[in-house]
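Me: I would like to go through this model feature by feature. Please give the general idea each time, and then the case at hand.

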Amino acid sequence: MSGRRGGGAPGRRRVPSTRRSPPMINAVLSALPGDISIAIHEALRAYAPHALGLGAPESLLGLGARFVVGFMFFWSGYTKLFRPERREIMHQTLVEARIPLPRLNTWFVSANEFVFGFLFMLGAATLASGAILAAITLVAFVTVGRKKIEPGGPLFVLSGLLYNNEVMILVFIGLVAVYGPGPLSIDALVWPNLPF
């Protein structure tokens with residue numbers, strides 16, 4: 001007896017994988033020795049929050065990023081739509097940034113923040129709503145946010161970028177774009193066969 005089973009390496013146990021495990025997790029597990037890989041995999045299966053419909057840590061990451069960004073835009077849009085003093089601040093900001101039609105764009109941007117922030121938070125039409133929120137964020141950065149970055153050497157510029165709210169929002173939206181909205185989302189309910 002050669003001790004080989006199915007043509008595999010001697011004593012090498014096959015690392016289990018599931019359809020819902022992200023490729024990144026499976027790739028890392030496959031690179032580890034067999035027994036360690038299996039132990040880690042079983043620990044993930046035991047302690048990952050499957051009861052909530054989440055398959056891996058990336059799902060929690062996507063859910064958190066969706067909620068933070070979505071609620072931020074949703075509440076920002078709500079206050080500008082329904083609180084005149086907040087709407088006036090937004091209007092004045094657009095005037096100072098020389099945005100065309102500032103009064104109309106105050107309502108337009110606020111409505112987009114309100115609607116698409118809510119959709120993004122729920123994980124509904126996530127890529128489309130994320131793209132619209134990213135466009136709003138980019139305009140805000142170009143017209144207002146970049147002016148907050150202090151001039152200086154590369155470290156000063158980098159520090160200014162990292163402390164900039166718009167940059168962090170774009171990072172969060174990018175994470176959701178890469179990993180998807182996750183199984184705990186409206187998109188996953190409507191399109192259950194997509195690899196969330």
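Me: Which residues form one aromatic cluster?

Reply: This is a predicted model. In it, one aromatic cluster is made up of F67, F71, F74, W75, Y78, F82, F114 and F118.

Me: How is a pair of aromatic rings described?

Reply: The description of two aromatic rings rests on the distance of the centres and the angle of the planes. The count here comes to 9 aromatic pairs. Take F71 and W75: the ring centres are 6.4 Å apart and the planes stand at 10°, so the pair is stacked. Planes under 30 degrees apart count as stacked. Both residues belong to helix α3, where they are 4 residues apart, about one turn of the helix. F71 is partly exposed, at a relative accessible area of 37%, and W75 is also partly exposed, at 38%.

Me: How many helices and strands are there in the protein chain?

Reply: The protein chain has 9 helices and 0 strands. Read from the N terminus, the order of elements is α-α-α-α-α-α-α-α-α. Of its 196 residues, 35% count as buried. As for contacts between residues at least 6 apart in sequence, 58% of them join residues at least 24 apart.

Me: Which residues touch the most other members in the largest nonpolar core?

Reply: That core has 13 residues, and those touching the most other members are V69, F73, F120, L133, I169 and I173. At least two residues of this core come from each of α3, α4, α5, α6 and α8 (165–179).

Me: Take L133 from that list. With which residues is L133 in contact, leaving aside its neighbours within four places in sequence?

Reply: L133 is in contact with V69, F73, N112, F116, G117, F120 and I173. Of these, V69, F73, F120 and I173 are also on the list of core residues that touch the most other members. L133 itself is one of the buried residues of α6.

Me: What span should helix α6 have, and what is the distance between its end C-alpha atoms?

Reply: Helix α6 covers residues 126–143, and at 1.5 Å a residue its 18 residues should span 26 Å. The expected value is 1.5 Å times one less than the number of residues. The end C-alpha atoms of α6 are 26 Å apart, which agrees.

Me: Where does UniProt place the feature "transmembrane region"?

Reply: An annotation from a record can be set beside the model. The unreviewed UniProt entry places this feature at residues 114–143 and 155–179. In the model, residues 114–143 are 90% helix and 0% strand, with the end C-alpha atoms 21 Å apart. For residues 155–179 the figures are 92% helix and 0% strand, with the end C-alpha atoms 30 Å apart.

Me: How many salt bridges does the count come to?

Reply: A salt bridge is read from the distance between a side-chain nitrogen of Lys or Arg and a carboxyl oxygen of Asp or Glu, with a limit of 4 Å. The count comes to 2 salt bridges. In one, E113 pairs with K80, and the closest N and O atoms are 3.0 Å apart. E113 lies in helix α5 (residues 102–122) and K80 in helix α3 (residues 57–82), so this pair ties together parts that are 33 residues apart in sequence.

Me: Are E113 and K80 buried or exposed?

Reply: E113 is buried, with a relative accessible area of 6%, and K80 is buried, at 9%.

Me: With which residue does R103 form a salt bridge?

Reply: R103 forms a salt bridge with E88, and the closest N and O atoms are 3.4 Å apart. This pair links distant parts of the chain, since R103 is in helix α5 and E88 in helix α4 (residues 84–96), 15 residues apart. R103 is partly exposed, with a relative accessible area of 41%, and E88 is partly exposed, at 37%.

Me: What is the phi of R98, and where is R98 found?

Reply: R98 has a positive phi of about 60° although it is not a glycine. R98 sits in the loop between α4 and α5 and is exposed, with a relative accessible area of 76%. L101 is a further case, with a positive phi near 50° in a residue other than glycine. L101 is placed in the loop between α4 and α5 and counts as exposed at 58% relative accessibility.

Notes
Residues numbered from 1 in each chain as written. Predicted model: local features only at pLDDT ≥ 70, side-chain atom pairs only at ≥ 80, totals over all residues. Heavy atoms only, no water. Buried < 20%, exposed > 50% of the residue type's maximum accessible area, 1.4 Å probe, protein only. UniProt positions renumbered as here; feature names shortened; annotations may be inferred. Phe/Tyr/Trp six-rings, centres within 6.5 Å; stacked < 30°, edge-to-face > 60°. Core = buried A, V, L, I, M, F, W, Y, C linked by side-chain atoms within 4.5 Å. Contact = heavy atoms within 4.5 Å.
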